[in-house]
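Please read it alongside the view below.

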Amino acid sequence: MTWHGGEGSPRLHIVTGKGGTGKTTVAAALATALAQDGQRVLLVETEERQGISQVLDVAPLGTQEIEVSSGLDGGEVWGLSIEAGAALVEYLRLFYRLGRAGDLLHKMGAIEFATTIAPGVRDVLIGGKIYESVRRTASGRAPGRRSRPDEPPAYDAVVLDAPPTGRVGRFLDVTGQLADLARVGPIRNQADSIHQLLHSDTTLVHLVTLLEQLPVQETLDAVESLTDDSLRVGTLIVNQARDAEVRASVDLVADREPDPSVLTEQLESVGIRTSPTMIEGLVQTAADAVARRDLETSLEDSVVAAGRPVLTLPHLLDGVGPDAVRRLAAELAAQGVGS
Ligand SMILES: Nc1ncnc2c1ncn2[C@@H]1O[C@H](COP(=O)(O)OP(=O)(O)OP(=O)(O)O)[C@@H](O)[C@H]1O
Ligand SMILES: [Mg+2]
């Protein structure tokens, strides 16, 4: 799988998955991993939830792009929160040259009036902003107006912390959503451009999962429905996987089912006082761990069977912050991300 776009165009990486599986964390790690060798990566969130700023421990992201972190090996990670109201103001300014009126709308409280935007239009506005950031060239001009066709893009990659799998299909179906709202006109044209971008080689959709029944099922369903919608599924990312060491000790227990009397004897011999309840508890814990391992193995097999490259990220015991994001980014890089 290639991680970079062709012919100098950046690649758009859309990160989705079941709620709570680690989309935001993985999106931040992916952006950090892609920001290798001086690359510039834009990390985008759309739902005003400020998840990225929490994970990276930076000030809340706004509608202006700012540098939020360095990538692996000296690249740059920039952050942006796309908000439908601000995107609409920008859109009106661009298309209708509504300079003052646009500002006025903004002052009236873009957020308030953003809630009155039809959901389909809202996604087109957000998509339009993503489209613009993917297509923008280094000098900041829109591609159609650039003076030098060989000018490099503003970002080498754009990573989107997208809505969860349950909503991502609709979110990405900008033209379908608009069908009844706008058949012609600039909004329609914009939707068509976004549609083209999302269905081009440039865009990959990555799915984050845990090795648990529901997230895996949702992931497999999403692979199918995204493929049906002609979107390209990039990788399946198994997040919060158990440590290899833990796995190895569970393997050991599975091979030699613990014998309560031997266990009692061994513990007593190193000076640990046992009771039947304690021994029973230990044997049960071991059996549970083996059952869980077997379930995880079968879930892992079904993830692999989906036929997409699989990346695995460890469960970090100290929680997630900027250091953890770098560790996860290094894991991704070690598994080939960015090269
Ligand atoms: N590899 C990991 N190791 C340990 N904890 C993790 C890991 N990845 C994510 N987490 C934790 O799991 C929780 C969910 O992660 P995150 O917020 O990234 O998920 P999300 O899919 O974006 O959630 P939401 O659907 O609410 O947006 C957070 O508490 C995060 O710190
Ligand atoms: Mg999130």
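The points that follow concern the ligand site, and then individual residues and their surroundings.

The model is predicted. Ligand 1 is surrounded by 15 residues, and the space it takes is the second largest pocket. The shell around ligand 1 draws two or more residues from each of two elements, helix H1 (23-34) and strand S7 (233-241).

**Shell of ligand 1**

- Among the residues around ligand 1, the closest are Gly 20, Lys 23, Thr 24, Thr 25 and Leu 316.
- By residue class, the shell divides into 4 nonpolar, 9 polar and 2 charged residues.
- Helix H1 supplies the largest share of this shell, with 3 residues.

- A backbone N or O atom of Pro 314 is 2.9 Å from a nitrogen atom of ligand 1.
- A polar backbone atom of Gly 22 lies 3.0 Å from an oxygen atom of the ligand.
- The side chain of Gln 240 places an N or O atom 3.3 Å from a nitrogen atom of ligand 1.
- On its own, ligand 1 has 630 Å² of accessible area, and the protein covers 73% of that area.

- The phi angle of Gln 240 is near 60°, a positive value in a residue other than glycine.
- Gln 240 has a relative accessible area of 36% and is therefore partly exposed, since that class lies between the 20% limit for buried and the 50% limit for exposed.
- Asn 239 also has its place in strand S7.
- Asn 239 counts as buried because its relative accessibility is 5%, and the cut-off for burial is under 20%.
- In sequence, Asn 239 and Thr 21 are 218 residues apart, while their C-alpha atoms are 7.1 Å apart in space.

- Arg 136 sits in the loop between helix H6 (119-135) and strand S5 (157-161).
- With a relative accessibility of 12%, Arg 136 counts as buried.
- The side chain of Arg 136 makes a polar contact with the side chain of Glu 132, at 2.8 Å.
- Thr 219 is placed in helix H10, which spans residues 213-228.
- The relative accessible area of Thr 219 is 1%, so this residue is buried.
- A polar contact at 3.4 Å joins the side chains of Thr 219 and Thr 209.

**Buried helix residues and their partners in space**

- Val 303 is part of helix H13 (residues 276-305), and at 1% relative accessibility Val 303 counts as buried.
- The C-alpha atoms of Val 303 and Val 216 are 7.0 Å apart, although 87 residues separate the two in sequence.
- Ala 286 is likewise placed in helix H13, and with 16% relative accessibility Ala 286 counts as buried.
- Ala 286 and Ser 249 are 37 residues apart in sequence, with a C-alpha to C-alpha distance of 10.0 Å.
- Val 168 is found in helix H7 (residues 165-172), where Val 168 is buried with a relative accessible area of 2%.
- Between Val 168 and Thr 16, which are 152 residues apart along the chain, the C-alpha separation is 7.3 Å.

- Asp 37 lies in the loop between helix H1 and strand S2 (40-45).
- The phi angle of Asp 37 is near 45°, a positive value in a residue other than glycine.
- Asp 37 is exposed because its relative accessible area is 62%, and the cut-off for exposure is over 50%.

Notes:
Residues are numbered from 1 along each chain as its sequence is written. Chains are lettered from A and ligands numbered from 1 in the order in which they are written. This is a predicted model: local features need pLDDT of at least 70, side-chain atom pairs count only at pLDDT 80 or more; totals for chains, interfaces and linings use all residues. Side-chain values use heavy atoms; hydrogens and water are left out. A residue is near a molecule or strand if one of its heavy atoms lies within 4 Å of it. A polar contact is a pair of N or O atoms within 3.5 Å; within protein, one must be able to donate a hydrogen and the other to accept it, and residues adjacent in sequence count only if both atoms are side-chain atoms. Accessible areas come from the Shrake-Rupley method with a 1.4 Å probe; for residues, only the protein chains shown count as cover. On a 1 Å grid over the protein atoms alone, a cavity is a set of points where a 1.4 Å probe fits but cannot get out, and a pocket is an open set with protein on both sides within 12 Å along at least five of seven lines; lining residues have an atom within 4 Å of a point. A molecule sits in a cavity or pocket if more than half of its atoms lie within 2 Å of its grid points. Helices (H or I, at least four residues) and strands (E, at least two) are DSSP runs, numbered from the N terminus. Ala, Val, Leu, Ile, Met, Phe, Trp, Tyr, Cys and Pro count as nonpolar, Asp, Glu, Lys and Arg as charged, and the others, Gly among them, as polar. Buried means under 20% relative accessible area, exposed over 50%, partly exposed in between (1.4 Å probe, protein chains only).
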